[in-house]
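Work through the following exercises with the sequence and the model side by side, and try each task before reading its solution.

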Amino acid sequence: MQPGHIYKLLSPLYLLLWLALSLYLGAHHEPFADEAQSYLIARDASLGDLFGWICRTEGTPPLWFLWLKLWLFFGLPYSWLYLTSVLPNFAAVALFVYKAPFSAPVRFLFPLTYYIFYQYNIIARSYALLFLALTVLALVWQRRREKTLACIAALLVLGSVSAHALILSGGLAGIWMWEEFRKYQNGDRGRITGKECAALGIFAVFAVYSLWLLWPDSENMYVQNYVPSLLFFLTNILYMMASGLVVSVWIMAEDWPLMFVGIIYFILACIWLAQNFRRAFFMLLLPNLLFMAVVPFKPWHTGILVMTVLFIFWQNAGNKKYPPVVRAGLIALFAVQLFWSIAAFIRDRSQPYSAAPAAYAFMQQEDIAPKETALVLFNTLALRPYLSGEGAGSYWDWRQNGFILRINREELLQYRAFAITGEFYNIFKDKMDKIQELGGYKRKIFPAVHYFGLQDKSLEETYYIYYRDKSDGVGK
């Protein structure tokens, strides 16, 4: 049997296995606060609020919320939220396996790497639409002159996924516009089609509208607490270089050897890409690198860099032969990302990613009503989709609260129960112990294993429930 026939035979089996693993892990995944926030916005927010202020306070275009609204219209329960991310990624993986211009090992292994299989697939956030949008765009980009409408539609969808994806789509549109401008400069006006000009004009309007839609709201407490400084920028850059590609570490003394490896890898990769794909590096990668340096950085943001590099290699497939050192660097990237995927699968399957379901079960056991409970931090929002009845509440309003609910001690003591998460307790332990003593509260801890790559971020989703017995009443 020829190699091509073997690939055709293995491809559908591979896709079924990929889908089965994703559905299995998704069914065992406990959504955390960011996933709950999007779900609650899609469930409760009007289109007027969504396009009026919510996108501005969330820092995310509306596509993901609209996608969730569609699913909720058909009755999707919260326990099936993972379908909203797994199914579009499965479509992207199918296109990648059958259409990508890479070798069979790359086509089979890349969908199993950390960002594609886990971070942007099992965790239901707006990034879940990124791989599909970029894959469709990669298929039509080289033929954008003939497939202008399809290409501009793909750019619009890509730009509607997240702020980082908007920057990437803007860079691609900029490359396209530059090509048209060069034709004009060279006197090739006959090669500039009206359809291309109209498409790029539509994108320009979309880009301006998106910037207006996402421009930070001055009333947002999160924005008001943003204090840019040189140290802040340097810390972001340090995390960016060490967190998201080949190592996953904190800025701690014991992690310096690994961090050094990650930084060297990151710098060498940037230098090589800038030398070999100059236009793509400066128009696609560099703008996102600068954006990540000046806004609060999260390690999962670097997935957009991995996908951008994939897009660059896709568009240059067959044109270059890469030296052994570059191949070794790619092998290292694949090896680390695959290792992270395996670790994520094992941990998410065996331990709670968020403690919200366990905390909710305890509240039911103790007959603690939603209206008797204060959710003090944004991270405790993961409880709300499980709650029902009067006083359950809805999505977090960043304009009013910032990260912590604006509630004083006397108001808090009026509640029968309140919930915080571990990082808050560690910072304010003495204050929490005092409130526990004053209110006569008991405390129940529900651990979680919340993480990125190999970074343990479990405190963010470990719940501390402070409660009084029902016989104690509300108030003290």
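Angles under 35 degrees count as roughly parallel, over 145 as roughly antiparallel, 65 to 115 as roughly perpendicular and the rest as oblique. This is a predicted model, in which local features need pLDDT of at least 70, side-chain atom pairs count only at pLDDT 80 or more, and totals for chains, interfaces and linings use all residues. Residues are numbered from 1 along each chain as its sequence is written, and side-chain values use heavy atoms, with hydrogens and water left out.

**Exercise 1.** Describe how helix α5 (residues 83-99) and helix α8 (residues 130-141) pack.

Solution. Begin with the axes, which are lines fitted to C-alpha atoms, for helices over the stretch in contact, with angles running from 0 to 180 degrees between N-to-C directions. The axes of α5 and α8 lie 8 Å apart, at an angle of about 30 degrees. The two helices are therefore roughly parallel to each other. Next, list the contacts, meaning heavy atoms within 4.5 Å: the α5 residues include Pro88, Val93 and Phe96, and those they meet in α8 include Phe131, Val136 and Leu139.

**Exercise 2.** Find the residues that touch the most other members of the largest nonpolar core.

Solution. Such a core is a set of buried (under 20% relative accessible area, 1.4 Å probe, protein chains only) Ala, Val, Leu, Ile, Met, Phe, Trp, Tyr and Cys residues joined through side-chain atoms within 4.5 Å. Helix α16 (residues 303-315) supplies the largest share, ten residues. Finally, beyond its neighbours within four places in sequence, Trp141 contacts residues including Cys151, Leu155, Leu172 and Phe311.

Conventions:
Helix = DSSP H or I, 4+ residues; strand = E, 2+ residues; numbered from the N terminus. Buried < 20%, exposed > 50% of the residue type's maximum accessible area, 1.4 Å probe, protein only.
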